Amino acid sequence: MDTEAVRSFVRAAELGQLRHAADELGVTQQAVSKRVAALERELGVRLFTRTARGVEPTLDGQAFLPHARAVVAGVDRAVAAIRPGSRALRIDVLGLRSAQAVLLHDYWSSHPETDLDVVTLRVNDPRLAVAAVQAGDVDASFRSVTDPADLPRELRMIHAFDSPLELLVGPRHPLASSRTLTPSQLRPHRIWVPGIAPRSEWGEFYEELATHFGLRVDAAGPNFGNEVLLDVLADSADVATLVGSRDRYLWPAGHDLRRIPIVNPTLAYPLSLILPRAAPHPGLRAVLDHFGSLPPLPGQVWRPSWAPPPRSTATTQTPHPPDESGAG
């Protein structure tokens, strides 16, 4: 089996476009297309379905993807074994528009000499990301395990940074004109967060958040992606969602969506990094120092009970929901 064809399939599946995979691999889009076609002939299945936005793995492609990643990781480890110090720092992020990816891009922009490989494992269960770090498929993963028993002794989970939440609403929503909001002001309103997967860290986060502050967090219905979510918000007078302040969302100007900070307390989604205890990739230290240089969140901050404490500042966490005035 042609391992470069397997690599082309993996990157196209992760990036969603053959052109982006070709740019990253340093080959033409036609070359990637031919490699994938040859791989499909060898396997006797279709691996991709073409869409208006690019390509998506078929059911067979989804089944093949984790094994293909293992093949690529194995080849990379074999090459790295005979070329010490030459391997790129490989970090898993939840999505390429997530706060983790945005801040990693900021770091790389300031340190373009860094050999950095940003990937998305596309797994909901953090234990699968833990297994990827344990196996050496990635050097670190921006995931959180909410049960310490799920973290092997040879790995550790450390605080990277906090992502403060904002309410995202359309122009017709009753809260659209607010400059800031307190958690208590959100209680009467439906907060729609599609795609909350069982066993996911964000599932645990939203469950604890809703319980702690008495919020209506609704995950009903299938997740058709951010574009559909933004379309719904633009047309709705009663639906809102929560987003991270550093997450990248793009929408047409006519949507007129508003991002409203939440304060008293600030609701912090904790971004943790899982990495090996012994002999982590040497490039991780500079990345962690970059995150450590970020200013702490001002004022009162709420974090879920399972969040690791910030490395540079003491955790400030409200023991009880604030009263109706928003004071802790």
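**Exercise 1. Find which residues have the most contacts inside the largest nonpolar core, and which elements build this core.**

Solution. Start with the term: a nonpolar core is a set of buried Ala, Val, Leu, Ile, Met, Phe, Trp, Tyr and Cys residues joined through side-chain atoms within 4.5 Å. Buried means under 20% relative accessible area, exposed over 50%, and partly exposed in between (1.4 Å probe, protein chains only). This is a predicted model, where local features need pLDDT of at least 70 and side-chain atom pairs count only at pLDDT 80 or more, while totals for chains, interfaces and linings use all residues. Residues are numbered from 1 along each chain as its sequence is written, and side-chain values use heavy atoms, with hydrogens and water left out.

Next, the residues: the largest core has 46 of them, and Phe142, Phe161, Leu209 and Phe291 have the most contacts inside it.

Then the elements. Helices (H or I, at least four residues) and strands (E, at least two) are DSSP runs, numbered from the N terminus. Two or more core residues come from each of strands S3 (89-92), S6, S9 (239-244) and S11 (266-276), and from each of helices H5 (99-110), H8 (201-213) and H10 (284-292). S6 gives the most, six residues.

Last, a second, separate core has 19 residues, including Ala5 and Val10.

**Exercise 2. Classify the ring pair of phenylalanine 9 and phenylalanine 64, then that of phenylalanine 142 and phenylalanine 161.**

Solution. Rings of Phe, Tyr and Trp (its six-membered ring) pair if their centres lie within 6.5 Å; planes under 30 degrees apart count as stacked, over 60 as edge-to-face and the rest as tilted. The whole structure holds nine aromatic pairs.

Take phenylalanine 9 and phenylalanine 64: with 5.4 Å centre to centre and 45 degrees between the planes, their pair is tilted. Phenylalanine 9 sits in helix H1 and phenylalanine 64 in helix H4 (residues 59-82), 55 residues apart. Both of these residues, phenylalanine 9 and phenylalanine 64, are buried.

Now turn to phenylalanine 142 and phenylalanine 161: at 6.3 Å and 65 degrees, this pair is edge-to-face. Phenylalanine 142 is in the loop between strand S5 (140-141) and strand S6 (155-169), and phenylalanine 161 is in S6. Phenylalanine 142 has 1% relative accessibility and therefore counts as buried; phenylalanine 161, at 3%, does so too.

**Exercise 3. Work out how helices H1 and H3 pack, and which residues make the contact.**

Solution. Two packed helices are described by the angle between their axes and the distance between the axes. H1 (residues 3-15) and H3 (residues 29-43) pack at about 110 degrees, with axes 8 Å apart. H1 and H3 are therefore roughly perpendicular, a label for angles of 65 to 115 degrees.

Contact means heavy atoms within 4.5 Å. Glu4, Ala5, Val6, Ser8 and Phe9 of H1 meet Val32, Arg35, Val36 and Leu39 of H3.

**Exercise 4. Is serine 141 buried or exposed, and what does it contact?**

Solution. First locate serine 141: it lies in strand S5. Its relative accessibility is 0%, so serine 141 counts as buried. Then list its partners, leaving aside neighbours within four places in sequence: Asp92, Ala129, Val133, Ser272, Leu273 and Ile274.

Terms used:
Axes are lines fitted to C-alpha atoms, for helices over the stretch in contact, and angles run from 0 to 180 degrees between N-to-C directions. Angles under 35 degrees count as roughly parallel, over 145 as roughly antiparallel, 65 to 115 as roughly perpendicular and the rest as oblique.
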